[in-house]
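Please view the sequence and the model alongside the notes.

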Amino acid sequence: MTEEYENKLNQGLDYVLDQLAHGNTIEGLKNGRVWMGFEQVKEWKSKFGFQFQIYSNDHFIENKPHFHIVKKSDGIDCRIFFFFYIFDCKGNLALDKKIREAIIYFVSDPKRQEILREFWNKKNPELKVLS
């Protein structure tokens with residue numbers, strides 16, 4: 001079940017980043033504007049290399065749950081609170097402003113907040129987070 005949560009989050013963020021790469025904006029997405037293109041149907045693979053990670057041996061930071069956004073190819077590992085605040089980033093590179101805005105927009109959706117909570121609770125049952 002945790003793989004399902006992770007896939008939903010990874011695919012959703014990849015979709016938002018793809019929209020931005022094709023000229024859409026966060027404001028455009030908020031207003032319902034969508035770029036559409038046609039591609040051959042194939043198994044999904046991340047175009048941008050970002051992955052959501054919640055580790056099973058994790059801990060609260062400042063009494064709050066968090067997730068990691070990882071891009072292994074660039075050595076990026078950022079810890080982000082569920083409520084849109086980037087705590088810190090490890091590695092030599094920080095998140096690009098556009099990527100940071102896309103992540104914050106993406107996780108601000110209540111449905112995605114619920115997926116994050118469920119993902120955290122499955123991975124860290126001793127540190128359950130309520131709505």
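Is the crossing of H1 and H4 left-handed or right-handed? The crossing of H1 and H4 is left-handed, a term for a near helix turned anticlockwise from the far one by less than a right angle, with right-handed for clockwise. The model is predicted, with local features needing pLDDT of at least 70 and side-chain atom pairs pLDDT 80 or more, whereas totals for chains, interfaces and linings use all residues. Residues are numbered from 1 along each chain as its sequence is written, and side-chain values use heavy atoms, without hydrogens and water.

**Helix packing**
- The axes of helix H1 (residues 2-21) and helix H4 (residues 110-123) come within 9 Å and cross at roughly 145°; axes are lines fitted to C-alpha atoms over the stretch in contact, and angles run from 0 to 180 degrees between N-to-C directions.
- Helices (H or I, at least four residues) and strands (E, at least two) are DSSP runs numbered from the N terminus.
- In the contact (heavy atoms within 4.5 Å), H1 contributes Thr2, Tyr5, Glu6, Lys8 and Leu9, while H4 contributes Arg112, Ile115, Leu116, Glu118, Phe119, Lys122 and Lys123.

**Disulfide**
- One disulfide (cysteine sulfur atoms within 2.5 Å) is found in the whole structure.
- The sulfur atoms of Cys78 and Cys89 lie 2.0 Å apart in this disulfide, and the link is right-handed, with 110° about the S-S bond.
- Cys78 belongs to strand S3 (residues 76-81) and Cys89 to strand S4 (residues 86-90), eleven residues apart.
- Cys78 is buried at 0% relative accessibility, whereas Cys89 is partly exposed at 31%; buried means under 20% relative accessible area, exposed over 50%, and partly exposed in between (1.4 Å probe, protein chains only).
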